[in-house]
Each structure stands twice: as structure tokens, then as C-alpha cells.
Amino acid sequence: MKRALLLLAVAMPAFAQPTGREIEKIMQRDFHPHGQATMDRVVQDGVQRVCTESKDHPPADITKSLEAEQMKAIQFPEGSLMGDWKRGEAIAQSGRGMTWNDKPGQAAGGSCYNCHQLSPHEMSYGTIGPSLRGFGKTRGAGPEVQRYVYGKIYNAKAYNLCSNMPRLGASGTLTPQQIKDLVGLLLDPASPVNE
Amino acid sequence: MNRIRRALVAALAIGLVRPLAALAAWNKEAFGAKTAADALKNLGVPNAAPSGDLHIEAPQIAENGAVVPIEISSNIPGTTALIVVIEKNPFPLTARFDFKEGALPFVKVNVKMGETSDVRVIGEAGGKHFSASKEIKVTIGGCGG
Amino acid sequence: MAAGPMKMRATLGQGFTDVRVLMNHPMETGQRKDADGKLVPMHFIQNLTVKVNGRLVVDAQISQAVSRNPVFSFRLKGGAKGDKIEVAWVDNQGESNSTEIAVA
Amino acid sequence: MRTAVLAATLVAATAYGQDAAKEIQRYREMVAEGSPAELFELEGETLWKKPQGPKNVSLEQCDLGKGPGVLKGAYAGLPRYFKDADRVMDLETRLLYCMTTLQGRTREEATKRVFGNADHPSEMESLSAYIAGQSRGMKMAPGVSHRKEKQSIELGSALYFHRVGAWDFSCATCHGDEGKRIRMQELPVLYKPEAARAVATSWPAYRVSTSSLVTLQWRMNDCFRQMRTPEPNFGSETTVALIHFITATGAGATYAGPGTKR
């Protein structure tokens, strides 16, 4: 009897982890829209799907082509990309925006301090991303660096496909002006980040 | 229980009972003072000498100003009261504890702090006043959303 | 939570009795706004007493800057199993509560 | 010369960072000592025994897995498969089941306010505190052997790494690497037993920043909110699977809650 049970257990198939598409179906059943957080948000886009399936390590060729695709979609404003670092600091501090209890249309924040060190005066900073203290000191504030920083904030996935960082411009979280202000926070020699 | 409490409140209101007869009145002037100096003046504490025998156990950084744990105690012989003043709070005087025979001059309590501030403790012993203070930084925790 | 239950623990330490008491109280500062944007009126404990076998040992006055759901720890000299500890409070709206426990 | 100055600054900054982390740790320990979680247990006991709903009965005959009305150790055995409902349930999902079956309440009414606030704690939260408290000192042993229990844990594990929402997050985006934090909050890596044990043994918990008792269903809900997804249904397979995955990963540790959180 005991043996029979044991055999049965061995004969039972091991459970395979559900696939990304199966999970998507489960989430469509188990979630409901709330405020601005609508149900289209549980449908994965190409980047999310590739990164989930590869545990954030997709093959090099797929990475390259998807990064290029993301890069093409970045809209760079004309002229200088340096905004006001003081406004940038406030945006970096704020963790609001895009959640189901944030009001649509109200200015969002970049949640920057949640993950990065920036100004030395803010000691409550996260470490999921690298420290950005002194970022502009070593890199200067020339047009190329400005463009790099703007692009990275607008769509981090264009530079590193499975980056942890949200696509703050592409997702509609931050406005072009807000991203410029963050460029100022990082690059302006007068910004506390570069003290 | 609620009914009993309501009855008690009503009784209190018309002055029938005083369940806490030994109670010191709540010092309205001192608690209403907007500066530490005014609060201490109203408590009758003119000047307090710094003392190493008053202890404030508290974290240097509090993640949340709504709950800042502090543990205060005195090794000064004959300590009869401990007063807590949070310098930068809108109403700095936070508490006054009077210890009678049978209690040690020791309290642990959670307090609210509006911002980074010095927390001052005044000890009273034999009619003299002593003081110690400690800065506690208040930071932001969590996602901020 | 509106003003409600209390919970107390009294244990013998080395040469003293440790009293820890929890109180259910909003400790409103009068500066907080509710969900409708209206100021919540001041509501906080003002007086707190500790008695041992009926004798007053701690007499405290506190402000609205004590945290919501206050927790106090006191130390009483000596003490013995079975000593009765009573803690009572009164707030600025005239509400009061008390609790009693024997030292364990 | 410049390098030396820079190096010195870096060392100082790191030392400061470590000190800050140590002080925050001390802060948390002191806060935990003064946690009012017990007050919610008292309130929960009253609610457990209070007759409610169209049938006007209490929850005292609710079967949380150890038989009707048995509270001792019930929380330590959850989540688990329940034959009568033919699904895996965590504590809150099971309580909701008892509210609808025993008390005859509608799901809509019983879930109207599952997450409370400082002024009005929810019935679900106080009940959770009370019931979890009845497992203090017992080893966490959620169900892991039934076919549906295994499926649930697998689903939770897959969900943990599933990137989704307006910000492309999965659980692992924040809870994926050791030693990371959001602001000053350290982030446990919940697929590792050590970190999962600490979670399994301390929730539900008093949350200092909101002066309220919070549950694991709330934790999942609020994580999804901050992941910028739509809102998960209370007690859905998704939320239960994540809780099941974390609890199963942390199984074997001794329950010591309800705890205290930031």
C-alpha cells in the first residue's frame, strides 16, 4: 500500500512553472482597474516579456535590436536639455505618480532618491541603483552628456534592456521639462549633487 | 463599559467625583508655550546645569517623526521629576513626570517630532535643575508614494 | 481608533519592577486633516498616574506630542509578586480609563 | 592628492552610511519594544466572538484548518488547501470564506473595507492580529504537499519574477539582490529562506508610519500599487500564491508576531 502511494507520487508529473502568458491570463482574471491604473497595464510589452522569460539576461542579438527600438522612440527636445536643478531636486524627492491613488494630471515625481544617492544633504536614499553623487563633476555638462542623461531618464531600457529603472519619459510619468530639470540636478555645477 | 465611561464623564463634568484626586493639574501655560525657554519658565525651571548623570537613550536617526522612542533616566540622587522638551516642535514641552517614593526616575515613551531637533531632558533633584540633550535626526522612509 | 482598551504588563526585574502599559488613544494634535480635509480636533491624554497598592508613585502630565497609541515603561523600586499596579489616564475631552494588574 | 581627498571622502561617506543604517536598526528595535500590536489582538478577540451577518452568528465555528473553532497553531499552518472551498487560502481569504458561509454575509459587504486606517482599523486586520497571535511560539508549516498547494507555490514563484505594469517592475526588481534598500528601508530577498523566515514569522504587524495593523494581503496590495499595476482582488489566487510562496520559503521558523514595521 505504502509502496503504491510512493509509486503514484513518483509517477505524478512535476509542476512546471506557469509561462508568462499563463500568468498574464491569471492577472487579467485576478486584478481590476482602479483609477488611472487600467487593465492594459497587466499586458506585458516586448521588453517586459523578454526580460521576464530570460530572468533579465536575454541573448545579445535580441537585446541589441530591442534596445535600438527603444532608443528610436526617445523624443529629444531641441536646444539645451539643462533645466533647473532646484525643481529637479523636488522631482527627485517625490515618489508620487502613476499609482491607482494618484490623480491623473497631477505632477508626478521621479522617485529618484528611492534608489539613488544624489545630494549629500539627503541621507535617506536607496541603493537599488548606483550612487549619482558628484555625477556631473567628472563628466562635465556638455551637450553629449546632457543627451545621455536625458535619454537614460526618458527610457532606461534603451541603454540597458532589463534595467530595474522605469522608463520615466516613455511611460508618461515625467514631462520633458521635468526630465530636463533632473538633467540639471545631475549636471549643473551649482547642484548639490556636484558639491 | 462605554456607558460607565459616559456616566463618569458626566460626573466629572459636574464635579461629583475626582478619580485622580492626587493629580497635579495640567500646566496649560507651560504646555502652550511656543519656545522651550517659555515652557521652562512656566514650569518654574529658571536655569538648569548640564549634567552627565541624566541619560537619554534614543536612536540618532528616526525613520518616522510620528514615533520616536526615547528612554530617559537619572542617576542624580533624589531625582523627583524628569521633563522632556523637544526644541523644534511647535509646542516644545512634551511631558513632565513626577516620581514619588517607590518609583525610579526612569521612563520610556514614544514621542512625535516635526523635524530634526534637540531633545532636552531636565531633571529635578532637591530643588535644583539639571539638563542633558541629544539631537535626533528625522528622515524619510519608504517609497514616499 | 478612538480611545479604548489598555494593556499592561508588570514583571520583576533586578531590584525593580518593570511596568509597561499600552493605551489605545488617537493623541490628536489638532493639526491633522481628515480624509475630507477638515481639521481633526485636539484629543490627547493630559494626565497619567501609576499607583502601587493604592499609593501614587508616578504622576505625569503629557502633551499631544506623545505618539498615537501611547506606550509607557516605568520602573518601580523593589516590588513583590502580587503587588497591585494601577495605571489611569484622563484626556483633554474628559474621557478617562484605567487598568490594574498584579506583578507577575 | 586629489585622489587621496576623494578616497578619504568616500571612506567617510561609507562610514557615515553604515552608522546611519545601524542607527535606523536601533530605531526599529526600540520601536518594536513599544509596539501597540497587542491592542489589536484584544479588539480581534472581541470581533471573533461577536455575532454578525444575516445568520447572526460569530466566527467561533470557523475552521481555519485545525478544525472548527481551533485557533491554537492555525495561523502557523496557513496558507493551505481547503477541501470545502477546493482552493488554497491564506488567513484572510479563509476568514472571508467563513464570513460568507457561516455568517451569511455577502462578499461585497464583507470586503467593503478590508484595509483600515489609524482612525478605523478594519475587522479583517484586528481578526488577523488575534488569530496570528494564537500561533506565537509555533513553527510555521504552511501546506506544501497537496497538488493545489504545490501549484500555488509555483505560481507565486513565477509571479515574483514577472515584470509588468507602467514601471516594468516585478517583485524581484526591489526584492531581488541582497543588501539593497529603498530610502532607508532594507529590502528582503524573499526567495531566500533566511529573509522569508523573518517575514513569515512577523506578519501581520503594526505599521508605525500609519499607526495601523497591516496584513500580508495589504502588503501585496500596496506593493502592486507601487508597482503601478491595477489593483489585485482581495484574496485572489495571485495574492494568495505570493503569500504562499514567501511563507513556504520561510517555513520552519518560529512565529513571533504580530510584529512591528516601519
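**Reading the interfaces and a pocket of chain D**

A: In a salt bridge, the side chains of Arg163(D) and Asp56(A) meet at 3.0 Å, N to O. This is a predicted model, in which local features need pLDDT of at least 70 and side-chain atom pairs count only at pLDDT 80 or more, while totals for chains, interfaces and linings use all residues. Residues are numbered from 1 along each chain as its sequence is written, chains are lettered from A and ligands numbered from 1 in the order in which they are written, and side-chain values use heavy atoms, with hydrogens and water left out.

Q: How many salt bridges does the rule find across the interface of chain A and chain D?

A: A salt bridge is a side-chain nitrogen of Lys or Arg within 4 Å of a carboxyl oxygen of Asp or Glu. Across the interface of chain A and chain D there are five.

Q: What area do chain A and chain D bury between them?

A: Buried area is the accessible area (1.4 Å probe) that two parts lose on being put together, summed over both. For chain A and chain D the value is about 4400 Å², with 56% of it on carbon and sulfur atoms. Contact means heavy atoms within 4.5 Å; 52 residues of chain A touch 41 residues of chain D in this way.

Q: Which residue classes make up the side of chain A that touches chain D?

A: Ala, Val, Leu, Ile, Met, Phe, Trp, Tyr, Cys and Pro count as nonpolar, Asp, Glu, Lys and Arg as charged, and the others, Gly among them, as polar. The side of chain A that touches chain D has 20 nonpolar, 22 polar and ten charged residues.

Q: What is found between chain B and chain D?

A: About 1900 Å² is buried there, carbon and sulfur atoms giving 56%. The contact takes 23 residues from chain B and 20 residues from chain D. The rule finds three salt bridges across this interface. In a salt bridge of 3.1 Å, N to O, the side chains of Glu57(B) and Arg26(D) meet.

Q: Which residues lie nearest the centre of the second largest pocket?

A: On a 1 Å grid over the protein atoms alone, a pocket is an open set of points where a 1.4 Å probe fits, with protein on both sides within 12 Å along at least five of seven lines; lining residues have an atom within 4 Å of a point. Of the 46 lining residues, Arg32(C), Ala118(D), Ser209(D), Thr210(D) and Ser211(D) lie nearest the centre. By class, the lining divides into 16 nonpolar, 18 polar and twelve charged residues.
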